[in-house]
Amino acid sequence: MVPSAAPDQEQVANQRTSSAATRWYDRLLTSVSTRVSKHLDGFLIAMMLWHLSILLVTTMPKSYFFGLKAKLLDRFSRSLLYKGYVRASPGVTGLTVILALLGSLRVGRVTSRRWRGLILANGLLAYVQNRLYELFRGDASPLLSLEDKAADRELVNWQPVSQEALAAMTFPQRCTLPPVVLLGGETLPRNRSRLLFVGNHAIWGLDVPLLLNALYSQENIFPRPLGSHAWFAAPLANEVMGLLLGAVDGTQYNCDLLMSKGANLLVYPGGEREAWKKSSDAKYSLLWGDNKGFARMALRHSYTIIPVATVGTEDAFQVVADFPLSKVLRLGGLIPAPKSKQLGGNAFQEGATLPLLVPRRGRTKGIYFKLGRPIPARLVGFGFAEAGEVDSNPYVPTDQEVIALRDDVRTALEEEVAWLLKYQAQESGGSSTSSTSSTPSKAPTHQVRSKL
């Protein structure tokens, strides 16, 4: 009897099927591992950069880019899409572990170690993002308030650098410009606190470090400069100006905070417009427009205003062209101008230009600063805080009072600039002039009657 061949044929068919499945699985595994080995590096690096960018915008200082962080956190705190992204990040990290295991079949040890390092970095970043999200989930205001309080503490407790350090920082500028001369120090009040220095801005703001160094070295006064919002919206510029020069974003809140503590301040009402003079503008002209915030703050806190005239910097340079800064930043008008300077600074305003300068050798023998006679903004019938005391109940002046004080200060400053131009001409001509012989008449005490 001949045995049946059916079982052998069935066994052979099963072996063929198993062999085909094995070959298909091997081809699939090889294909997947090959593709993973080619693209996993790029995927892991892209994911890490994405995590870093999200962390950057959610942890950067609140002042950067005109408050971009506060706007993003407010949206992220209520966004279901962002919540899903944060919650899914650990799962995506786990998926990359599986892909790395598949890809390791086709790569060496060095690449496999690199993948493990990138996966670990992505896992840590995803964990930090997840924990950070818990701080502003649903409402970002508590986190932003915490940052504001920390900034207030830093603002109030700031201490100036040593005189030697400031002299070293301004040394390159003092070497390239004519010698600095500070006049009028004898007119400063005996109480060297609660002073608001108001000046005419030299071109490009080159006068600020020189004035601070002169006041600090000769009078032991370091007034904190109030700057434009745009400077504090720029990364690193905020830290450099704040740490080294003590510069402060000139908001009403910051001014109230510092003035309530009796801090000395320096302000240029002309701001960027005055620092970025056009070639058609007269040298040393005051381009204040309708700016009067400094006068309002001085009246609110009963400060003493010290006019500070600056002459010499604009003789050392010549404006050769007006660079159309606003058109370039706004792409020729494609981006609309912001409604307020607080949203974009003067650079984005319609018609804003940046002067291009070339040095003018031998046109001036010095950079001159002149401190004018004090203008006390005293409020008759109201008490005012002394140095170190907290001014907890500031006065609210009327618009008429503010405008009157602003005009008084402007007139006094224009007189000081005119006097300083004559002094500069006499010094350049070789004659000597006393720093007080032609001082303008005593500035008026600006008093406001109590309404009690």
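Reader: Where is Lys292 found?

Author: Lys292 is found in the loop between α12 (271-275) and α13; helices (H or I, at least four residues) and strands (E, at least two) are DSSP runs, numbered from the N terminus. This is a predicted model, in which local features need pLDDT of at least 70 and side-chain atom pairs count only at pLDDT 80 or more, while totals for chains, interfaces and linings use all residues. Residues are numbered from 1 along each chain as its sequence is written, and side-chain values use heavy atoms, with hydrogens and water left out.

Reader: Why is Lys292 called buried?

Author: Its relative accessible area is 18%, and buried means under 20%, exposed over 50% and partly exposed in between (1.4 Å probe, protein chains only). Lys292 is therefore buried. Across the protein, buried residues make up 44% of the 452 residues.

Reader: What makes a polar contact with the side chain of Lys292?

Author: The side chain of Asp290 does, at 3.1 Å. A polar contact is a pair of N or O atoms within 3.5 Å, of which, within protein, one must be able to donate a hydrogen and the other to accept it; residues adjacent in sequence count only if both atoms are side-chain atoms. Lys292 also touches Val402, Ile403 and Arg406, leaving out residues up to four places away in sequence; contact means heavy atoms within 4.5 Å.

Reader: Why is the pair of Tyr82 and Tyr133 called tilted?

Author: Rings of Phe, Tyr and Trp (its six-membered ring) pair if their centres lie within 6.5 Å; planes under 30 degrees apart count as stacked, over 60 as edge-to-face and the rest as tilted. For Tyr82 and Tyr133 the centres are 5.7 Å apart and the planes stand at 55°, so the pair is tilted.

Reader: Which helices hold Tyr82 and Tyr133?

Author: Tyr82 is in α3 (residues 80-103) and Tyr133 in α4 (residues 109-136), so that the pair links distant parts of the chain, 51 residues apart. Tyr82 is buried at 8% relative accessibility, and Tyr133 is buried at 2%.

Reader: What sits over the ring of Trp419?

Author: The charged end of Lys370 does, 5.3 Å from the ring centre. The rule asks that NZ of Lys or CZ of Arg be within 6 Å of the ring centre and within 35 degrees of the ring normal.

Reader: Which residues have the most contacts inside the largest nonpolar core?

Author: They are Leu196, Val198, Phe294, Ile305, Leu405, Val409 and Leu420, in a core of 37 residues. Such a core is a set of buried Ala, Val, Leu, Ile, Met, Phe, Trp, Tyr and Cys residues joined through side-chain atoms within 4.5 Å. The largest share, nine residues, comes from α17. Apart from this core lies another, of 29 residues, among them Leu182, Leu195, Ala214 and Tyr268.

Reader: How many disulfides does the structure hold?

Author: The structure holds zero, a disulfide being a pair of cysteine sulfur atoms within 2.5 Å.

Reader: Why is Cys175 called partly exposed, and why does Cys255 count as buried?

Author: Cys175 has a relative accessible area of 48% and is therefore partly exposed. Cys255 stands at 6% and so counts as buried.
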